[in-house]
Each structure stands twice: as structure tokens, then as C-alpha cells.
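Subject: Handover of a structure and notes on its contents

Dear colleague,

Please find the structure below, handed over for your work. My notes on it follow directly after.

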2 protein chains.
Amino acid sequence: DCSAASRQRPESRGCLCFKRPLWKNNPTYLCHLSVPIPGASGLEPALVSTVCALQCQRFLISKVGEDWVFLILLGLVMALVSWAMDFAIATCLQAQKWMYGGLDTNVLLQYMAWVTYPTVLITFSAGFTQILAPQAVGSGIPEMKTILRGVVLKEYLTLKTFVAKVIGLTCALGSGMPLGKEGPFVHIASMCAALLSRFLSLFGGFYEARNIEMLAAACAVGVGCCFAAPIGGVLFSIEVTSTFFAVRNYWRGFFAATFSAFIFRVLAVWNKDEETITALFKTRFRLDFPFDLQELPAFAVIGIASGFGGALFVYLNRKIVQFMRRQKAINRFLMKKRLLFPALVTLIISTLTFPPGFGQFMAGQLTQKDTLVTLFDNQTWAKQGINDEFEYLGILEAWLHPRSNVFVTLVVFILMKFWMSALATTIPVPCGAFMPVFVIGAAFGRLVGESMAAWFPDGIHTDSNIYRIVPGGYAVVGAAALSGAVTHTVSTAVIVFELTGQISHILPVMIAVILANAVAQSLQPSLYDSIIRIKKLPYLPELGWGHHEKYSVRVEDIMVRDIRYVTLNCKYRDLQQVLHSTKMKNLPLVESAESMILLGSIERTQVGALLSTQLSPQRRLLMLRQKVLPEDGHQLSDSSIRFQVSAATILGDILEWEEQQLDQLVDFSSAKIDPAPFQLVEHTSLHKTHTIFSLLGLDHAFVTSIGRLVGMVSLKEVSRGQGGWGGTEQHLELFAHGFGVPAAAQGHRGLPDGQGGEGAPAARQLPPTPYPLSPPCIASQQTWGRLAGLTPLLQGWIGTAVLVAQIPQPGGLHPPGPAVFLCQPHAATKV
Amino acid sequence: DCSAASRQRPESRGCLCFKRPLWKNNPTYLCHLSVPIPGASGLEPALVSTVCALQCQRFLISKVGEDWVFLILLGLVMALVSWAMDFAIATCLQAQKWMYGGLDTNVLLQYMAWVTYPTVLITFSAGFTQILAPQAVGSGIPEMKTILRGVVLKEYLTLKTFVAKVIGLTCALGSGMPLGKEGPFVHIASMCAALLSRFLSLFGGFYEARNIEMLAAACAVGVGCCFAAPIGGVLFSIEVTSTFFAVRNYWRGFFAATFSAFIFRVLAVWNKDEETITALFKTRFRLDFPFDLQELPAFAVIGIASGFGGALFVYLNRKIVQFMRRQKAINRFLMKKRLLFPALVTLIISTLTFPPGFGQFMAGQLTQKDTLVTLFDNQTWAKQGINDEFEYLGILEAWLHPRSNVFVTLVVFILMKFWMSALATTIPVPCGAFMPVFVIGAAFGRLVGESMAAWFPDGIHTDSNIYRIVPGGYAVVGAAALSGAVTHTVSTAVIVFELTGQISHILPVMIAVILANAVAQSLQPSLYDSIIRIKKLPYLPELGWGHHEKYSVRVEDIMVRDIRYVTLNCKYRDLQQVLHSTKMKNLPLVESAESMILLGSIERTQVGALLSTQLSPQRRLLMLRQKVLPEDGHQLSDSSIRFQVSAATILGDILEWEEQQLDQLVDFSSAKIDPAPFQLVEHTSLHKTHTIFSLLGLDHAFVTSIGRLVGMVSLKEVSRGQGGWGGTEQHLELFAHGFGVPAAAQGHRGLPDGQGGEGAPAARQLPPTPYPLSPPCIASQQTWGRLAGLTPLLQGWIGTAVLVAQIPQPGGLHPPGPAVFLCQPHAATKV
């Protein structure tokens with residue numbers, strides 16, 4: 001696992017350097033292909049048709065390589081997935097309603113049905129996800145943020161995870177718990193893009209290299225087809241996943257998200273759900289006078305309160321997770337009975353929402369979608385002073401309680417849903433928090449709106465016309481503000497416009513969202529950053545507002561001065577020592593220890609490879625042969641070597657030979673050296689360093705002073721320098737090592753070939769080095785050599801001897817030689 | 001001028017490295033200030049109040065430094081400017097209408113009034129702008145794009161230009177010509193931000209360093225308060241001005257643009273123009289069934305046609321400019337009579353729109369605003385098959401012609417306005433092209449919509465309800481598509497939603513805009529890029545779509561191999577030679593000519609400064625004194641030196657001394673060396689190089705191979721490598737030199753201190769080097785020495801002698817010494 005975890009990902013920057021075969025986008029080449037068939041007129045029709053078919057195929061393949069084909073396919077697939085999931089979720093919810101309705105003779109039975117159904121679904125979802133792909137758990141946006149930063153999270157973009165996420169999410173949302181689908185959809189779209197690019201590359205498309213650009217577009221598609229909100233989707237995905245955005249890639253997101261949203265809504269029309277393409281939660285507020293200027297303070301209050309609420313939500317969510325983890329007893333118990341926690345949470349939540357029970361005070365029988373529809377409703381619910389008292393018709397009835405008024409229902413709803421959502425989103429199923437928060441925000445806005453309507457029954461405007469207050473507009477504002485506060489985004493404003501199909505409340509929404517963001521950002525990280533923090537994903541946190549004292553921190557204050565380096569004229573022994581003494585992924589190559597002029601950087605694996613080559617089995621065998629042959633004076637068959645040389649002699653010889661080899665000067669000609677690693681100077685400010693690291697996706701940079709290497713900074717130092725997430729050592733460790741569940745197996749990007757030449761594609765074609773010579777391995781190389789010879793004595797010896805003897809012909813397959821063998825103790829039993 | 005042109009702009013990257021005094025954002029420090037007043041109780045009340053006032057002042061000053069204060073002020077000022085300008089423009093247009101209406105007894109007088117009024121206004125605008133600040137001419141977006149890229153365009157952000165642009169634009173728009181205000185508004189907002197930051201820095205704000213971030217926000221404010229479209233403004237400004245966008249700065253734009261749009265609309269309410277805050281061009285399309293699915297092909301047709309139309313517009317606009325420039329005779333005549341061209345164009349256009357004349361066939365009497373209002377109208381104009389024939393009421397009447405139908409009027413309008421707009425935007429007044437194009441697009445959309453309405457009188461939908469086609473919706477789609485095609489942006493979609501206050505046509509608009517962009521981008525550069533090309537602004541063009549063969553071009557194919565360099569152990573003479581032989585702004589510093597190990601980069605001006613210091617008047621005087629004193633044996637008064645030494649002796653001595661000085665080894669200790677210039681390797685692809693150049697705002701990079709300098713690439717090579725704008729040498733020259741009118745005086749950013757340390761703020765405090773030793777100057781230094789001695793003989797000698805003698809006391813003011821004097825021939829007369 002260790003090997004897979006540290007697998008490098010050169011293509012992460014490789015997106016900037018992919019190449020295409022010349023015949024792509026070059027029609028003349030296609031013509032060329034058809035011309036030189038000699039005597040085509042005399043050919044059999046079959047052959048001609050074959051040639052034609054070939055040409056058609058080539059043409060099609062060349063089209064497959066176009067970006068827009070990929071984006072259309074991505075949009076199409078995601079729209080289908082989104083629609084199918086929505087359909088399945090609606091069916092699930094319908095089934096629950098039907099069961100609940102059918103059992104209305106017995107409240108106990110009704111309760112059992114109401115509670116069992118979601119519990120079973122959630123438990124199934126949790127179990128299924130756990131078994132198939134634990135990576136599918138949660139939102140996925142934090143992981144996508146990390147992946148777009150250039151880090152490889154293992155197994156996060158595979159078919160297995162895709163299946164787990166789609167099925168898990170459908171079940172989770174079908175249960176009626178307060179969970180969202182927008183985060184998981186970003187993840188699903190990204191997996192879809194990754195799978196699609198792998199699939200299309202079978203037909204000659206070359207997407208691998210553009211993965212990052214396409215993943216960014218996929219994130220937009222995810223949000224876009226989830227809410228049928230292409231513009232909001234693009235902006236939201238940019239805000240939550242990117243640090244620096246290439247305007248060049250802007251159109252990709254728009255194109256794919258628009259196409260996807262279009263297909264998603266066309267499917268609804270085709271299924272006769274809708275008459276034509278309209279918004280998902282269409283509102284019908286009046287156009288001529290949407291709101292009065294004097295209502296703006298109320299909107300501002302919604303914004304500020306949402307800011308505090310959003311920060312509280314993030315805090316609560318994090319505290320719940322931390323509580324579950326810290327309580328060792330609970331933790332141990334839950335780890336054993338993994339499905340107990342989801343079942344328990346579901347049981348509690350569904351019990352509380354049971355409509356004949358406590359649910360009657362919080363509109364418990366409404367699904368999330370129905371809740372939103374009712375909250376965005378055009379009518380005013382509070383009855384005081386309104387002449388034409390309207391009837392609570394249809395689903396609106398849920399908000400009405402005979403013995404309380406609508407304000408109480410709304411307050412109870414907000415309070416209950418708040419902690420329920422914060423709790424539910426910690427369940428280990430695929431789920432997001434956007435939609436629950438959105439609903440809570442809408443309810444809060446509605447509450448303020450109804451209060452305003454009760455306070456000013458005839459509206460505030462004092463002119464001739466009476467314009468009543470529209471509480472639905474307040475709900476829209478509240479929804480945008482609270483979701484904006486939780487996610488730290490402004491684009492939720494655009495999402496609500498697209499969701500409701502009305503933009504008349506643009507100024508109140510913008511003001512509320514900006515105020516909510518200002519408050520929330522000064523109190524808490526965004527929900528996604530909070531999850532990144534909890535999961536300890538390797539992500540460089542943003543420089544916050546107002547940390548201006550950080551501008552005086554310079555690279556010289558944070559850099560590591562005592563770094564190991566490789567000199568141009570060093571010996572193999574020095575290489576070995578360097579590997580022993582440091583864990584750095586990239587080692588600086590300097591001219592000499594005196595001049596310290598930085599010449600380039602060499603990857604740790606490359607250094608390991610140099611060592612392995614020097615002590616390779618081939619060379620060892622060559623040595624052994626040369627040793628054996630002169631003694632006997634005649635040629636021996638290779639297979640008989642093992643019988644000729646005694647084990648003890650071999651061990652001694654090998655050790656002696658290895659010592660000799662280590663004293664030779666290193667030949668760097670075969671090593672891949674990055675001749676221009678990223679350099680900083682001592683006076684660079686932390687702020688600037690942070691920007692450059694984010695901009696170029698670096699994970700380390702060397703600090704030089706007029707060509708001389710003086711130090712090095714990595715993400716770790718930058719993060720520590722800026723105080724990080726409280727700057728705990730524990731957190732910073734993550735930059736050096738992997739991290740725990742669920743992002744257990746991952747690897748940092750190694751060489752940030754920002755200037756590292758075009759080595760990336762070549763490196764990708766090489767198989768990942770199967771034996772990363774990590775320091776402890778190297779350190780114990782000789783120890784292990786002896787151990788291997790002592791403990792399973794015979795087996796060890798034979799193993800070594802066989803290996804030595806098995807590779808007489810150069811050019812044959814290379815089985816791992818002793819140097820490697822000794823590094824991987826668990827491999828010893830295999831031999 | 002030459003000196004100002006090459007003035008470097010270190011703060012252009014300095015935005016990443018500004019510092020604040022510690023007492024900012026540190027309230028404890030403020031407390032500290034008040035604590036240690038000894039015996040405060042015994043102090044006089046006056047002193048206490050002084051201390052209080054001081055504290056208040058400090059507190060206020062500390063708030064002045066906050067970003068949001070700046071952004072609010074910017075938004076407020078721009079809203080006021082926008083509103084005042086709108087008011088003035090409306091008054092101008094009203095005046096024209098009033099004059100025209102008052103003279104309805106005599107058609108000739110009417111014609112005179114109709115034609116003279118705009119001609120006078122445009123001529124005044126052109127003359128005023130020309131005299132006050134020629135930089136105010138045109139849109140301003142291309143220049144802002146260049147400035148945000150990091151280039152300093154001289155005089156582009158000054159108060160003079162601000163005044164010229166505001167007044168010029170008001171007059172130009174008041175004339176009723178088909179000109180827009182959105183481009184100039186971007187420029188005005190940027191100037192406003194620049195001036196505001198300079199103003200606030202008087203109170204202790206430190207904005208200079210964050211200029212670029214604030215300018216980006218200002219661009220958003222410009223569009224935002226022009227259209228009352230905050231979201232569209234932010235997105236549009238990102239699309240047209242940025243290459244890579246820092247999501248970190250996103251909120252600034254949103255915050256400022258929202259505030260600005262809010263104030264702008266509040267002013268309208270306050271002025272009783274509106275009852276409440278609503279959209280600028282509010283539409284009232286039905287919400288329940290905005291369009292039928294089967295209408296989508298028509299929308300797609302609008303998109304594709306707009307794509308071609310947009311490309312044609314850009315082409316036409318460029319051809320007109322090029323024609324005017326190429327025709328030497330016209331050009332010479334126009335240069336002499338600068339105001340003739342604007343007057344002539346205005347005369348032609350206003351003659352053609354004269355309502356009783358040809359204007360009757362093209363709704364000539366409508367202003368741009370009225371035209372848009374009528375085009376977005378809810379009703380269907382085509383009468384065929386409509387039962388309830390409506391009356392052309394109010395301003396709608398303009399579209400009705402008794403002897404032709406509305407289709408003819410629309411077609412004539414589109415065709416005439418198309419070339420008129422393309423022509424009018426070449427007039428040298430402050431003007432944009434967005435709004436004219438927007439109107440043409442709306443008219444085209446309306447045309448398609450009316451055709452559809454005539455074709456399907458009862459709508460396409462065949463179900464129970466009859467939903468008629470809404471031609472106004474087509475107009476909205478057309479406006480977004482054509483303006484999107486001309487500017488190559490997708491965000492025009494958002495702008496139309498905000499302008500009309502309805503988002504119901506989101507999918508048609510998005511589809512049309514994306515198709516229009518796809519077509520237009522494959523045919524022509526955007527209007528702004530086209531202007532950049534015409535004005536030869538130093539901007540790296542984007543990598544186009546489908547130039548995939550460029551991925552195989554590598555740095556080694558395009559780099560300059562034969563570059564001049566400075567070695568660590570060189571002599572001053574070598575420096576002089578290097579300056580002679582190259583025009584490079586930054587010279588590489590290598591260890592030695594043999595090793596070629598790159599140690600850093602040194603600015604040309606620094607090299608010049610080193611030379612100047614070595615040959616400085618002070619040192620010369622010291623030499624002369626040391627020469628004179630020993631001869632006489634007693635101390636002379638400084639002023640008498642001039643009488644003691646004969647002119648001829650001095651010249652000989654000086655030349656000899658200079659030769660000696662030039663042979664000394666260079667002391668680099670006083671020079672500012674960038675110890676980590678940006679490096680690439682030979683194998684880096686052109687695509688990647690382009691990305692890195694754009695990302696970091698570089699204008700050159702050194703190519704190294706394991707520490708050895710092997711070449712260099714600059715913007716010029718990158719641009720040439722990617723084919724540039726057709727790759728003409730003429731275009732590429734701009735990267736090496738300045739360029740002509742109107743961007744006459746500008747300078748490239750020199751040292752891209754992407755890694756250049758924190759030298760930037762320090763460098764900013766130094767006065768800009770007044771004498772850039774540009775190669776021709778240096779080359780002719782000695783020649784000039786002799787010339788100065790020969791031609792104005794006496795004057796030259798006295799000048800030199802006086803200068804030599806005038807600076808006896810070190811520490812006094814330094815008048816320019818001979819070395820400088822000789823470089824600036826025109827200064828000779830001054831002395």
C-alpha cells in the first residue's frame with residue numbers, strides 16, 4: 001500500500017503539456033491516407049468499402065478527441081444520471097408516503113413504517129458504501145478541491161466509487177433524511193469525467209493529460225445538472241474548488257453545464273412532469289414592485305443572522321464529528337458496529353419528524369422538495385390583518401397546526417432541522433449539506449418575512465398603491481444567505497435565481513449573501529474547509545482576511561535551513577546517506593558542497609533507482625561470474641553457478657562488492673534531473689510564497705541566494721508559517737505522511753514540474769516504481785541482509801542464490817534483485 | 001519621454017508583498033498608546049481631548065486602510081458618477097428632441113438642428129479629449145487588460161484622463177450616436193480606484209501595493225454600475241480583463257459592484273424616476289410558459305447567426321481603422337484636421353437617421369435606450385393572424401411605417417446600425433461598442449421573433465393552452481448572443497438577465513451565447529483583442545482553440561540562443577559593451593563565461609547605474625581635485641576650480657580617467673540583483689510556456705540546462721512561436737519598443753519579480769531613474785562629448801566646467817553630471 005500511496009502524479013501538471021498526433025485536426029493527412037492506394041479502381045468493392053470504413057473510423061476517432069465531444073457526452077451522461085436518480089428518489093419517497101398513508105388505522109404501525117423505512121435505507125446505504133468503496137462517503141467537494149490542487153487521492157475517481165456513490169446517494173436521499181445531493185453530484189460528475197476520459201482514450205481520445213481542466217468542468221456540470229443551474233453551477237464550482245482560475249477554461253464549464261441542465265430539464269418535459277423547460281422551484285412573485293427600499297434593513301438582518309447561523313452550523317458539524325472521534329469508548333464501539341451509528345441517527349431524526357408525533361409542530365410530513373416549494377410560496381401565511389384569509393391548501397396544510405400558529409411551527413422547524421442537518425451530514429453515507437442548509441435558510445427567511453408581513457399588513461410603501469410584503473421573497477433571500485454562509489460562496493445568489501426562475505430580488509439577495517459571507521468568513525472556515533481539516537486532506541488553507549501581520553513573515557523565517565543535498569561529484573555512499581537522513585521527496589542537486597550552487601533537483605525515487613542500478617542483480621551476477629570463471633578456467637552453465645558457489649562465499653563477496661560499488665562516483669547521466677526547480681529568495685514574503693504555491697500547485701521550493709542553495713520551504717512550512725488550522729503539529733504532519741480513514745491511501749504530487757520540462761508524459765508511461773526506497777528500508781538494508789540470512793536460513797539463502805543465478809541473459813525480465821528483496825521484508829516469504 | 005516610458009513598475013507584482021504597520025488591526029497597540037501617559041488625571045482637559053482626538057484619528061485611519069472601506073467608497077463614487085452622467089446624457093438627448101420638436105414647421109431647420117447638435121457635441125468631445133488627455137479615447141478595456149497584465153501604460157490612470165473621459169463620454173453619448181458607455185466605464189472606474197487609492201494613502205491607507213487587486217474590482221464596478229448588473233459585471237470584467245483569476249479576490253468585485261449598483265438604483269428611486277429598485281430594462285414576459293421546447297432551434301439559429309455577425313463586426317471595425325491608417329493621403333489630411341473625421345462621421349450618421357428622411361425606415365428618432373425598451377416589448381408587432389391587433393402606442397410608433405411593414409424597418413435598422421456602429425466606434429472620442437452591438441443583437445432577435453410569430457400565429461405548442469410566441473424573448477436572446485460574440489464572453493447572458501430583471505429565458509440565452517461564442521471565436525479575435533492588436537499594446541494573445549500543433553513546439557525551438565550576459569568577474573567596459581550590444585531589459589548574471597551557471601538577473605537600469613556611479617561627477621571631481629591640489633600645493637576654494645583648470649585639460653583628463661575607470665572590475669555589491677529569475681528548460685512546450693507567462697505575468701524567462709544558461713525566451717518569442725496575430729514582424733516589434741498613438745508612452749514591466757524578493761516596495765520609494773542608459777545613448781556617449789564641445793562650443797564648455805565645479809560638498813543636491821548630460825542632448829541648452 002505504501003508503494004501505491006507514494007505513486008507520483010506527473011500528469012497533474014501535465015495538463016499543460018500534452019501532445020496530439022499530427023493527424024488530429026489535420027484533414028490533409030486524412031486525404032493523404034486515401035490517395036496512395038494503388039489501382040483503387042481495380043480493387044474489389046469490399047476492399048474499397050473497408051478503406052472507406054477505415055477513413056470514417058479515423059474521422060470519428062479524430063472527432064472523439066475534441067473537447068466539445070467530451071463535454072457533450074459528460075453533460076449527457078450526468079443529466080441522465082441526475083434525472084434517473086431524482087426519479088428513483090421520488091419513487092422511494094412516494095413509497096414511504098404510501099406506506100405511511102396506508103397504515104393510518106394504527107399509529108404504532110404507522111410509526112414503525114415511518115421509522116423503519118429510512119433506517120433500512122440509510123443502513124443499506126452506509127453498509128453498501130462501506131463495503132464497495134468507503135471513499136464514496138460524504139460530500140466529495142473537499143476531496144475534489146484537494147484533487148484539483150494536484151494531489152492524487154487514491155480510488156477517488158474509480159468506477160467502484162462511482163457505483164457506490166450513485167446507489168448510496170439514491171438510498172440516502174430516498175430515506176427523506178435532511179441530506180443534500182449537490183456535493184456528491186460534484187464528485188459523481190468528476191468520476192464520470194474520469195471514467196469517460198478513460199473510455200474515450202480507448203478510441204484515441206487523449207484526455208488523460210487534460211484531466212484537471214476536465215475535472216474542473218465536471219464540477220460545474222455536477223452542480224449545474226443537480227439544480228438545473230448552469231451559471232450558478234459554474235460559479236459555485238469555481239468558488240468551492242479553485243484557488244486560481246484559468247479564464248481560458250471558463251467556456252468548458254459553461255458549455256457542459258448548460259448542455260447538462262438542458263438535457264436534465266428536457267427529460268422532465270419528455271416525462272410529462274413539466275409542460276416546458278422552467279426553473280426547478282419556480283416562484284411567481286410580482287414583477288412590477290418586488291420589494292420596497294425600506295425592506296432592505298430586514299434583508300440585511302437576514303444576511304447577518306445567516307452569517308452567524310452558517311458559522312454555527314459549521315462549528316456544530318465539526319464538533320459532532322470530533323466528539324464521536326474523541327470519545328474512545330463510543331468510537332471503539334462504533335468502529336465495531338459500523339452501521340449502528342447511521343441507524344441510530346436515522347431512528348432519532350425520523351422519530352422526531354413523525355407527523356402524528358412531534359412532526360406536527362415542524363411540518364414533518366413534507367419532503368425537502370415540498371418544504372422548499374411551500375416556503376417559496378407566493379402567499380402570506382400569517383393571517384393578522386389580511387383581509388382575504390386564504391386557505392392552507394394542499395401541501396401548505398403541513399405548516400398549519402390547530403393549536404399553534406405558523407410562527408411557532410417555523411421556529412421549531414428551524415431549530416430542529418438545524419441540529420438534525422448538522423448531525424445527519426456526519427452519517428457515513430454519500431451526502432451533502434447544501435440542500436438541508438438551503439431549506440433551513442429558506443425557513444428562516446420565511447419567518448422574517450411573515451413577521452414583516454404581520455408587522456406591516458399593508459406593506460411599507462405609503463404611496464397610492466398598496467404593495468403587500470412578499471414573505472416568499474424573504475425565503476429566497478434567506479436560502480441564498482445561509483447556504484452562502486455555510487459554503488463561503490457568493491454564487492448561491494445566482495443559484496437561487498436559477499432555481500426560482502426569478503431575478504427580481506437580486507439586490508436583497510446579493511446584499512444578504514455578501515453580509516452573510518462577511519460574518520461567516522470571519523468566524524469559521526467554510527464547511528468544505530472544515531471537512532478538509534477534519535479529514536486532514538493535504539490542502540494549503542487560504543490566507544484569511546485580516547491576517548496582515550503575516551505579510552511581515554518572510555521565507556527566511558520559516559525555511560528549513562538544514563537540508564540534505566546531492567552534489568555533482570558525490571559517491572553512491574553519499575546518496576545512500578542522504579536517503580537515510582531525510583524524507584524529502586525531491587533532493588536538491590548542487591555543484592559542490594563548497595559552492596552550493598543549485599543545479600537542479602532530483603527525485604528521491606531517481607536516487608533510489610541510481611543506487612539500485614549500481615547494486616543491481618545483473619551487475620552482481622557479472623561480478624560473481626567474473627569471480628567464478630577465472631577460478632575454474634572453463635565456462636559453466638548459468639544454472640550450475642548456484643551449485644558452484646557456496647552461500648557463505650556469496651554473502652561475503654556481495655557485501656565486499658557492494659562496499660566497493662558504493663565508493664564509486666555517481667554517474668548522473670541516466671537520472672532524470674529537473675534542471676529548473678522552483679526557487680525563492682530569502683526575502684520573499686509568506687503571502688507571496690503562498691500565492692506562488694497556490695498558483696503553480698507547488699509542494700516545495702528551494703531557497704537560493706545568488707545561485708547558492710540556502711534552504712527549502714514546503715507546504716508544511718508555509719502552512720505552519722501562516723498559522724494554519726491552529727498550527728498543531730498533528731495537522732502539519734499530514735503534509736509529510738499519508739493520513740487516516742477515509743482518505744487512507746493517497747500520495748502527494750512529487751516533482752512539481754512547474755518548470756520540470758516535458759518529462760511528465762514520459763514518466764507516466766513508466767510503471768510506477770514498485771519499491772520506493774523509503775528511508776527505514778534503506779537504513780536497514782544490511783541488517784535485513786543478515787536477518788534474511790539468519791532467520792529463515794535455508795529459504796533465505798536459496799532465495800538469494802536463485803535470484804542471483806536466474807538472470808544470466810541481459811534483456812530478460814528483471815525479477816527484483818536482493819537489494820530490493822532486502823528492502824521488502826514481506827516479500828521474503830514470497831521468494 | 002523616453003525615460004518615463006521605460007519606467008519600471010515593481011509594484012505590479014508588489015501587490016503580493018505589501019506590508020502594513022503593526023498597529024493596524026492590532027487594537028492592543030492602540031490601548032498601549034493611551035496607557036503610558038503619566039499622571040493623566042492631573043492633565044489639563046485640553047491635552048486629554050487632544051489625546052482622544054489623536055486616538056480617534058488613529059482609529060479612523062486604521063479603518064481607512066481596510067479593503068471594504070475602499071470598496072464602498074469606490075462603489076459610491078462610481079454610482080454617483082454613473083447616475084450623474086446618465087442624467088446629463090438624458091438631458092442632452094432631451095434637448096435635441098426638444099429642438100427637433102420645436103422646429104417642426106420647417107424641415108430644413110429641423111434637419112439643421114438634428115445634424116448640428118450631435119456634430120457639435122462629438123467635435124467638442126473629440127477636441128476636448130485630444131487636448132486634455134488623448135489616452136481617454138476609445139473603450140479602455142483593451143488598455144485595462146494590458147494594465148492588469150502588469151504593463152504600465154503612462155497617463156492612463158490619472159485625474160486628467162478621468163476628467164477627459166467623463167466629460168468626453170457624456171458629450172459623445174449625449175449626441176445620440178450609436179456609442180456605448182460600458183467600456184469607458186471600466187476605464188473610469190479603474191481611474192477612480194487609482195485616484196481613490198492615492199487620495200486614501202494621504203490618510204494612511206496602503207493601497208498602492210494592492211493596486212492590481214483593486215483595479216480588478218474596479219473593472220467589475222464599472223460594468224456593474226453601468227448596467228446595474230453586479231453579477232454580470234463581475235463575470236464580464238473577469239472574462240475581458242483576466243487570464244488567471246484569483247478566487248480570493250472574487251468577493252471584492254461582488255461587494256463593490258453590488259454596492260455600486262445598489263446606490264445607482266437608489267438614486268433613481270430618490271430622483272422619483274422609479275418607484276422602487278428594479279431592473280434597468282424591465283421586461284414582463286409571462287412566467288408560466290416562457291417558451292416552447294420547439295422554439296429552441298430558432299434560438300440556436302440566432303446564436304449561430306450572431307456568431308457570424310459578431311465576427312463580421314470585429315472585422316469591419318478593424319478594416320475601417322486600418323483603411324484610415326493605410327491611406328496615406330487621408331491619414332495625413334486627418335492628422336492635420338483632427339476634428340474633421342469625427343464631424344464628418346457624425347454628419348453622415350445623423351443625416352441618415354434624420355426621422356423625416358431615411359430615418360423613418362429605421363426608427364431613427366429613438367434613442368438607444370428607447371430602442372431597447374421597444375425591442376424588449378412584450379407585444380407582437382407583426383399583425384398577421386393576431387386577433388387583437390394592438391395599437392403602436394407611444395414610442396413604439398417609431399417602428400411603424402405607413403408604407404412598409406415592421407420587418408423591413410427591422411432589416412433596414414439592423415443593416416444601417418451595423419456599419420454605423422462599426423464606423424462610429426472608430427471616432428476618437430471616449431466610447432464603447434457594447435451597447436450598440438447589444439441593440440443590433442436585440443433588433444436581430446426581434447426580427448427572428450417576429451418572423452416566428454408570423455409563422456406560428458398561435459404558437460407552436462399544440463396542447464390545450466395557446467401560448468403565443470414572445471418576440472421580446474427573442475430580442476433578449478439576440479442581444480446577449482451578439483454582444484457575447486463581439487466580446488467573446490459568456491457573461492453577457494447574466495448581464496441580460498440583470499438588465500431585464502427576468503431569468504426565464506435562461507436556457508435559450510445560454511445556448512445562443514455559447515453557439516455565438518463558438519462561431520465568433522473560431523473566426524476573429526474579440527473586439528478588445530482586435531483593438532489591442534491595432535494599438536499594438538504589449539499583450540500576449542491567448543492560445544486559440546484547436547491550435548494543437550503548437551503543443552509540439554518547444555522552448556528550444558523558439559528561444560534566443562545568442563544572448564548577452566554579465567559575468568561576476570567582468571569589467572565596467574564589459575558592462576558598457578553589453579549595454580551597447582543588446583536591448584534586453586534584464587541581463588542574466590552568470591558565474592563565468594566558461595561555466596555559464598546562471599546566478600541571477602540584473603536590470604538594465606541597474607547596470608546603467610553601476611556605470612554611472614563608476615563615472616559619476618563626484619568621483620570625477622574627486623579625481624580632478626586630487627589632480628589640481630597637488631600641483632598648487634594649497635587648498636583652493638571650490639568655485640575657483642573652474643578658473644584654474646583649462647577646458648582642454650579637463651577633457652583630456654576626463655577621457656583618460658574614464659578609460660581607466662572602465663578597466664576596473666565591477667563591484668556588484670551595490671546593485672540590485674534578482675537572485676532567482678524565472679527559468680525554463682529546453683523541453684518545455686510552448687503551451688506550457690504560454691501558461692506560465694500568463695500565470696505569473698512574466699515578460700521573459702531564461703532557459704537553463706542543469707544550471708547553465710543556454711538561452712532566453714521573451715513574450716516576443718512566445719508570441720512568434722504561437723503564430724501570434726498572423727506572426728508579422730511588425731506586431732512583434734511592439735514587445736521590444738514602445739508603440740504609437742494613442743498608447744505612445746508606455747513601458748514594459750521590467751523585472752518580473754515573481755521571485756525577485758521584496759525589493760519592490762523599496763524600489764518604489766526611490767525616484768525613478770531619470771536617465772535610462774538606452775543603447776544609442778551609451779553608444780554615442782563619447783561622440784556626444786565631442787559634439788557638445790564643438791557645436792555650441794562656449795556653452796558646452798562652460799556647462800561642463802560649471803557642472804564639474806558645482807558639487808563640492810557631498811550630500812548637496814546632485815545636478816546631472818556630464819555622463820548624464822551627454823546622454824540627453826536637449827538638456828544641454830538648459831544648463
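In chain B, strand S8 (residues 700-705) and S9(B) pair in the antiparallel sense, over six bridges. Within this pairing, Phe702(B) has Met712(B) of S9(B) as its bridge partner. Please note that the model is a predicted one.

The two strands belong to an open sheet of three strands, which runs in the order S7-S8-S9 (chain B) with mixed pairing. Its edges are formed by strand S7 (679-680) and strand S9 (708-714) of chain B, each of which pairs on one side only.

A further open sheet in chain B has four strands in the order S3-S4-S5-S6, and its pairing is also mixed. S3(B) pairs with strand S4 (residues 586-590) of chain B in the parallel sense, over two bridges. Val566(B) has Leu589(B) in S4(B) as its bridge partner. As background, the strands of a sheet are joined through backbone hydrogen bonds, in either a parallel or an antiparallel manner.

Helix H25 (residues 604-614) of chain B lies across S4 and strand S5 (598-603) of chain B. The helix runs at about 80 degrees to S5(B).

Also in chain B, Phe434(B) and Phe438(B) form a stacked aromatic pair, with 5.8 Å from centre to centre and 20 degrees between the planes. Both residues lie in helix H18 (residues 434-455) of chain B, four residues apart, which is about one turn of the helix. Over all chains, a search of the whole structure finds 42 aromatic pairs.

Turning to chain A, the unreviewed UniProt entry carries the annotation "transmembrane region" for several stretches, among them residues 111-133 and 185-203. In the model, the chain over residues 111-133 of chain A is 96% helix and 0% strand, with the end C-alpha atoms 33 Å apart. Over residues 185-203 of chain A, the chain is 89% helix and 0% strand, and the end C-alpha atoms are 27 Å apart.

Two helix pairs in chain A may be of interest.

Helix H5 (residues 67-102) of chain A packs with helix H10 (residues 211-227) of chain A at an angle of about 35 degrees, and their axes are 10 Å apart. The crossing of H5(A) and H10(A) is right-handed. On the H5(A) side, the residues that meet H10(A) include Asp67(A), Phe70(A), Leu74(A) and Ser82(A); on the H10(A) side, they include Met214(A), Val221(A) and Cys225(A). The residues of this contact comprise ten nonpolar, two polar and one charged.

Helix H13 (residues 296-326) of chain A and helix H18 (residues 434-455) of chain A pack at an angle of about 145 degrees, with their axes 11 Å apart. H13(A) passes H18(A) in a right-handed crossing. The contact is made by Ala298(A), Ile302(A), Ala305(A), Ser306(A) and Phe313(A) of H13(A), together with Val437(A), Phe444(A), Gly445(A), Val448(A) and Met452(A) of H18(A). By class, the contact of H13(A) with H18(A) has eight nonpolar residues, two polar residues and no charged residues.

With kind regards

Notes:
Residues are numbered from 1 along each chain as its sequence is written. Chains are lettered from A and ligands numbered from 1 in the order in which they are written. This is a predicted model: local features need pLDDT of at least 70, side-chain atom pairs count only at pLDDT 80 or more; totals for chains, interfaces and linings use all residues. Side-chain values use heavy atoms; hydrogens and water are left out. UniProt positions are given in the numbering used here, feature names are shortened, and annotations may be inferred rather than shown by experiment. Two strands pair if DSSP finds at least two bridges between them. Contact means heavy atoms within 4.5 Å. Axes are lines fitted to C-alpha atoms, for helices over the stretch in contact, and angles run from 0 to 180 degrees between N-to-C directions. A crossing is left-handed if the near helix is turned anticlockwise from the far one by less than a right angle, and right-handed if clockwise. Ala, Val, Leu, Ile, Met, Phe, Trp, Tyr, Cys and Pro count as nonpolar, Asp, Glu, Lys and Arg as charged, and the others, Gly among them, as polar. Rings of Phe, Tyr and Trp (its six-membered ring) pair if their centres lie within 6.5 Å; planes under 30 degrees apart count as stacked, over 60 as edge-to-face and the rest as tilted.
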